[in-house]
Amino acid sequence: MFETRSEKAFVTTITIILILLSAVALIPLLSVIATSLSSKSAVDMNLVTLWPKQFTLDSWGYIVDRPDLWRSFALTLVTTVVGTLLALLLTALLAYPLSKSKNEFRWGAVLMIGVVIAMIFKAPIVPYFLTVREIGLYDNPLVLIVPHLLNPFNLIIMRTFFKQFSKELEEAAFLEGCGYFRMLFQFVLPLSKAVLATLALFYGVVLWNQFQHPLLFLQNPDWFPLQIKIRQFITDDNVIMSGAVSTADLNYNERTLRATTVLFAIIPIIAVYPFLQKYFVKGAMIGSVKG
């Protein structure tokens, strides 16, 4: 298609702006990577910018050998996987009936009002804390999963997606003796990969990066997830250096270890995102544009 001169100038300008913004976003990440791969002396002399100086993997070797960090990593991984699967299941079970007309589900409109209210008005922190404590989730690892099982915004996205399914397909399935549960699990969900992948990313990122919940509700260090452990590593030199036998001949210091720990936490999300990106874009557009 032929583009006018003004259209070409607009596309070029937008491309340049996006490249500059991408560079600005990448510079801190490159600096952290370079620090984690540089020697102690290079970092102490502030020689590291965007490229490692006196390349070494000693910091990574030390972090990888920390059993407390791996315990927090395993807890966070299990929490993210289990929580995401349960959240998707619960969201689908509620979104499917809400996608039906008033003739099929008479209470759908009332429940949707409640969903919208829950999305707009967040619970105050003190009543929320007291409620979570009263139901037995204080200092309980389940607090990392249960409060995140249903998000009103994600529910609306899935409901909007389900509303697009062909009524004729559902009617034909019902005539063959198919019930609502079988319809959902055998027909609707297999055709909903885009929205499922999108919401899996939404839920997964929240569960992986959660910080406030464990900070408020967990006291036992054995239940600290990865983000709390990283906070300890970054703010307390005694914690991050507690596994070092001697500090004299080490080729790493607190700065290189902090950089390595940060990368240790974000690598899994970066590794998963490319596989979900195509579904993420499609599902997000469907859920936000159509009502």
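1. By class, 19 nonpolar, 7 polar and 1 charged residues make up the lining of the largest pocket. Here Ala, Val, Leu, Ile, Met, Phe, Trp, Tyr, Cys and Pro count as nonpolar, Asp, Glu, Lys and Arg as charged, and the others, Gly among them, as polar. A pocket is an open set of points on a 1 Å grid over the protein atoms alone, where a 1.4 Å probe fits and protein lies on both sides within 12 Å along at least five of seven lines; lining residues have an atom within 4 Å of a point.

2. The model is predicted: local features need pLDDT of at least 70, side-chain atom pairs count only at pLDDT 80 or more, and totals for chains, interfaces and linings use all residues. Residues are numbered from 1 along each chain as its sequence is written, and side-chain values use heavy atoms, with hydrogens and water left out.

3. The volume of the largest pocket is about 770 Å³, a volume being the space filled by probe spheres set on grid points that are joined across faces, edges and corners. Lys122, Tyr128, Pro147, His148 and Leu150 are the closest to its centre among the 27 lining residues. Two or more lining residues come from each of helix 5 (108–120), helix 6 (125–134), helix 7 (152–162), helix 10 (193–209) and helix 11 (212–217). Helices are DSSP runs (H or I, at least four residues), numbered from the N terminus.

4. The second largest pocket holds about 280 Å³ of space. Its lining has 16 residues, with Thr80, Val81, Gly204, Ile269 and Val272 nearest the centre. Helix 4 (67–98), helix 10 and helix 14 (254–289) each give at least two residues to this lining, and helix 4 has the largest share, with 7 residues. By class the lining has 13 nonpolar, 3 polar and no charged residues.

5. There are 9 aromatic pairs in the structure. Rings of Phe, Tyr and Trp (its six-membered ring) pair if their centres lie within 6.5 Å, and planes over 60 degrees apart count as edge-to-face. Phe73 and Trp208 are an edge-to-face pair, at 5.7 Å centre to centre and 85° between the planes. Phe73 belongs to helix 4 and Trp208 to helix 10, so this pair ties together parts that are 135 residues apart in sequence. Both Phe73 and Trp208 are buried (under 20% relative accessible area, 1.4 Å probe, protein chains only). One aromatic cluster is formed by Trp70, Phe73, Trp208 and Phe264.

6. The largest nonpolar core has 29 residues, of which Met158, Phe162, Val188 and Leu199 touch the most other members. Such a core is a set of buried Ala, Val, Leu, Ile, Met, Phe, Trp, Tyr and Cys residues joined through side-chain atoms within 4.5 Å. Helix 4, helix 5, helix 7, helix 9 (180–188) and helix 10 each give two or more residues to this core. Beyond its neighbours within four places in sequence, Val188 is in contact (heavy atoms within 4.5 Å) with Tyr96, Phe162, Phe165, Glu170 and Met183. Another core, of 15 residues, lies apart from the largest one and includes Leu69, Phe73, Leu226 and Met241.

7. Ser36 lies in helix 1 (residues 5–36) and counts as buried, at 0% relative accessibility. With neighbours within four places in sequence left aside, Ser36 is in contact with Thr56, Ser59, Trp60, Thr256, Ala259, Thr260 and Leu263.

Note on methods. Phe/Tyr/Trp six-rings, centres within 6.5 Å; stacked < 30°, edge-to-face > 60°. Buried < 20%, exposed > 50% of the residue type's maximum accessible area, 1.4 Å probe, protein only.
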